[in-house]
Amino acid sequence: MLPVGFLTRLVQARRSLLLCRGCLGPVGAGAEAGLCARCWGGLVPLPEGRCPRCALVHGAEASHGEDAGAGCPEAVAWALGDALWDYHGGRPPLGALLLPGIKQGEAGWRKALLNRLPGVPLPAWAVEVDRVTSAPSALPRRLLRGFDFGAEAAQAVAARLERPFEPLLAKGWRSGRQASRTESERRRLPKRAITLRRGAAPRGRVLLVDDVWTTGTTLLRCAQALLEGGADEVRVLTLFRAL
Ligand SMILES: [Zn+2]
Ligand SMILES: [Zn+2]
C-alpha cells in the first residue's frame, strides 16, 4: 500500500507536467519544453516599417539605401540593426518569459530557442557581413552558468551565414567589483567596461549578435569597441527587441 500523501503528490506532479509553463493551460499537441504551441507562437517578428537602424517604428522614413536610418533619433554606432522577434510578443510575453528562464538554467527552453534559429528569416543584409561576434558576458557569470547564450546564438547565426564566429569582445572585471565601492566611486566608473579581447583584431564588416536589445547601451559600447579596434562597419542582430 502506498501512503495517500504520496499518491496525492504524484497526482499533483503529473498535473503540473501537463500544464503549460507559460499560460498554465493544457499543453496539448505541438508543446515543446513544457510550453504549449500557442505560447511558442509568441515568437513574432517586429512590426513592418521599423527603422533599419534602431528597429523601432518612430516615424522617420524607413529605407535600406545608402542613408538607411538617416532620420533615426537613437544613439547608435552601427549601420544597420534588427531583431528576429518582439520581446513582448505573445501572451504571456514569450521573450520576457524565456530569456530570464534560460539565464537561470532552463536548458530545455535554451535548446528549443536555439533550434528555431536555422529556420527563422534573417534580415537580407546579414549575408553581407564578414564575421560574426557576440556581446560578451562577464566571466564569473559565464563560469557559474556554464554557458554563454549570446555566444551560442551568435554561433548559430554564423553557421547559418557561413561566416566565422569570432569572440572579439570581453567584459571588464570592474563591473563585478562595484559592490565594494562607494557611491561616488561607482559613478565615476563606466557601468560596464567592454573592451576588445587580447589579440582580437576586428576587420571588415562585423555582425554583433546578442540575445536581447532593450536600451541598446551594451550594444553601443560593444559597437564602439569594435569600431575603435579597426572594424570597418558594425551591424547588429539580436534575438529579441524590447520595444
Ligand atoms: Zn501556453
Ligand atoms: Zn531609428
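Donors are N, O and S atoms within 2.8 Å of the metal. The views below show a predicted model.

**View 1. The site of the zinc ion (ligand 1) in the predicted model.** Four cysteines supply the protein donors through their SG atoms: Cys20, Cys23, Cys36 and Cys39. These atoms lie 2.2 to 2.4 Å from the zinc ion (ligand 1). Along the chain, the donors are spaced as C-x2-C-x12-C-x2-C. Cysteine 20 and cysteine 36, both in the loop between helix H1 (4-18) and helix H2 (37-40), are 16 residues apart and link distant parts of the chain. Cysteine 20 is buried, its relative accessible area being 1%; cysteine 36 is also buried, with a value of 5%.

**View 2. Geometry around the zinc ion (ligand 1).** The four donor atoms subtend angles of 105 to 114°, so the arrangement is tetrahedral. For four donors, this term requires all angles to lie between 85 and 135 degrees. The ideal angle for four tetrahedral donors is 109.5 degrees.

**View 3. The site of the zinc ion (ligand 2).** The coordinating atoms are SG of Cys51, Cys54 and Cys72, together with NE2 of His58, at 2.1 to 2.3 Å. Their spacing along the chain is C-x2-C-x3-H-x13-C. The angles subtended by the four donor atoms run from 99 to 121°, and the arrangement is therefore tetrahedral. Cysteine 54 counts as buried at 1% relative accessibility, whereas histidine 58 is partly exposed, with a relative accessible area of 27%.

View 4. Beyond neighbours within four places in sequence, the contacts of threonine 133 include Ala154. Also in contact with threonine 133 are Phe165, Glu166, Pro167, Leu168 and Leu169, as well as Val206, Leu207, Leu208, Val209 and Leu226.

**View 5. Buried residues of helix H4 and the elements that cover them.** Helix H4 spans residues 107-116, and its buried residues include Trp109, Arg110, Ala112, Leu113 and Leu114. Among the elements covering the buried residues of H4 are the helices H2, H3 (94-103) and H6 (149-161). The cover also includes strand S1 (80-86) and strand S6 (233-241).

How values were computed:
Residues are numbered from 1 along each chain as its sequence is written. Chains are lettered from A and ligands numbered from 1 in the order in which they are written. This is a predicted model: local features need pLDDT of at least 70, side-chain atom pairs count only at pLDDT 80 or more; totals for chains, interfaces and linings use all residues. Side-chain values use heavy atoms; hydrogens and water are left out. Donors are N, O and S atoms within 2.8 Å of the metal (3.2 Å for Na, K and Ca); water is not among the atoms, so sites may look incomplete. Four donors count as tetrahedral if all angles lie between 85 and 135 degrees; four count as square planar and six as octahedral if opposite donors are over 155 degrees apart and all others between 65 and 115; anything else is irregular. Helices (H or I, at least four residues) and strands (E, at least two) are DSSP runs, numbered from the N terminus. Buried means under 20% relative accessible area, exposed over 50%, partly exposed in between (1.4 Å probe, protein chains only). Contact means heavy atoms within 4.5 Å.
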